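Colleague: Hi! I'm new to this one. Could you walk me through it?

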Amino acid sequence: MKFNPFLLLIYHLLSIVSTLSTQSYSKRFGSRLSAFTPKLFNFHPNEHQTTSSSPLDSFKLLNTNSDDLPIENKQIPNIDNHSKDNTNAIIQLNEMPPSPMRFPPKLPFPQWLTDFTGLKEWPDLNPPYIPLDFINFNKIDDLPLHQQAQCSNPILRSPIACSFDCFNCVEFDDVYTCSKISQTFDDGPSPHTRKLLKALKKTNTKTTLFTLGVNIVRFPEVYQESMSQGHIMGSHTWSHKFLPSLTNQEIIAQIEWSIWAMNATGYHLPKWFRPPYGGIDNRIRSILRQFGMQSVLWDFDTFDWKMLDYSNNRNEQDIFKDVLNFKKTNQNKGLILEHDAILRTVDVGIEILDHILMGQEQLTVPKCVGGIDYIKTFERPKHYLATA
Ligand SMILES: [Zn+2]
């Protein structure tokens, strides 16, 4: 059968236009975003561990050519004092996904997003705030901003703020555990995600992947492959900022751009949100809820990113030992935090999947709490199936 490439192109364009541009923006976002049933959890502030970093930070630290990073992230490692670290850094650098600004977005910027934002390309690490008609600023909790690990303000200790990053405080609609011990992966999609997908397929395990907008637009095919294999795609912001240090508008920008990247790639609106560094308090929750989303935390942190810095003295064996111990003491229940942006943490994830949890049944986050997978899914254009 012969195809006329020009007609095919017209057909693709028409199918994109018919599925994307015909609906108004607020329809695309969903008009009943707040109509979700929160899952109630007991408040056990001391049973959780927060993380203070992520593999992305190791990348920032190791990336000596940091011209493409925002100013606040420009940190040059003191290589002279740590010759061993230096060797390690070079090995790891080969495994890192290229930095967002050095690796241009692959995903075309959709027309519906141009129509709405007036922009023509995906933003850098500091996305612009675009006003949204369904966000009511009067409904945003008025709480002080704080930097990571700066928790001295007494209000952060109180239930008024309910800070997870400072005091492991969880709210009624936070998800932080699961009836079956289950892995979750942050910071992708990355080229290394594919190795994880293969391993998950072998054991018929469905997982939850909390993705970064900047990575989605650079590796859209990995995102599509992940979702086509039945994994749940959650949001992990646009560019991995510590949200409690941002203004309300900056937080909204981090969330909206991440949703747009997911929508443009996966034709859906995410329900589940993992705050980078576990950075969440009631100010951020009150924004997140207006998007109809819920935060997903964890009750076991593998601290897999610590392997990447030699000075932490943490390796694969330490992680396996800790997970095994958690599995026993927590009676095979819980939500495990891992990362799929870097090969070494992906390998750890596969080892945990195959040899610690031994391929036993795991649940996705929505299955853990009996919730929905996405706020809304849109019909995919025909060409999508060909490329997925
Ligand atoms: Zn992260």
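This is a predicted model: local features need pLDDT of at least 70, side-chain atom pairs count only at pLDDT 80 or more; totals for chains, interfaces and linings use all residues.

Colleague: Let's start with strand β3 (residues 232-235): which residues point which way?
Modeller: Ile232 and Gly234 point one way from β3, Met233 and Ser235 point the other way, and all are buried. Buried here takes 20 or more other C-beta atoms within 10 Å of the residue's own, exposed takes 12 or fewer, partly exposed lies in between, and C-beta atoms are placed from the backbone. Strands (E, at least two residues) and helices (H or I, at least four) are DSSP runs, numbered from the N terminus.

Colleague: Now helices. At what angle do α8 and α14 pack?
Modeller: Helix α8 (residues 193-202) and α14 pack at about 5°, with axes 9 Å apart. Axes are lines fitted to C-alpha atoms, for helices over the stretch in contact, and angles run from 0 to 180 degrees between N-to-C directions. α8 and α14 are therefore roughly parallel: that means under 35 degrees, while over 145 is roughly antiparallel, 65 to 115 roughly perpendicular and the rest oblique.

Colleague: Which residues of α8 make that contact?
Modeller: Lys195, Leu196, Ala199 and Leu200 of α8 meet Val346, Gly349, Ile350, Leu353 and Asp354 of α14. Contact means C-beta atoms, placed from the backbone, within 7 Å.

Colleague: And how do α13 and α14 pack?
Modeller: α13 (residues 316-329) and α14 (residues 343-356) pack at about 45°, with their axes 11 Å apart, and are therefore oblique to each other.

Colleague: Switching topic: where does Trp260 lie?
Modeller: Trp260 lies in helix α11 (residues 248-266).

Colleague: Why does Trp260 count as buried?
Modeller: Because Trp260 has 27 C-beta neighbours inside 10 Å. The C-alpha atoms of Trp260 and Pro270, 10 residues apart along the chain, are separated by 9.8 Å.

Colleague: Last one: how many helices and strands are in the chain?
Modeller: The chain has 16 helices and nine strands, and of its 388 residues 44% count as buried.

Notes: Residues are numbered from 1 along each chain as its sequence is written. Two residues are in contact if their C-beta atoms, placed from the backbone, lie within 7 Å.
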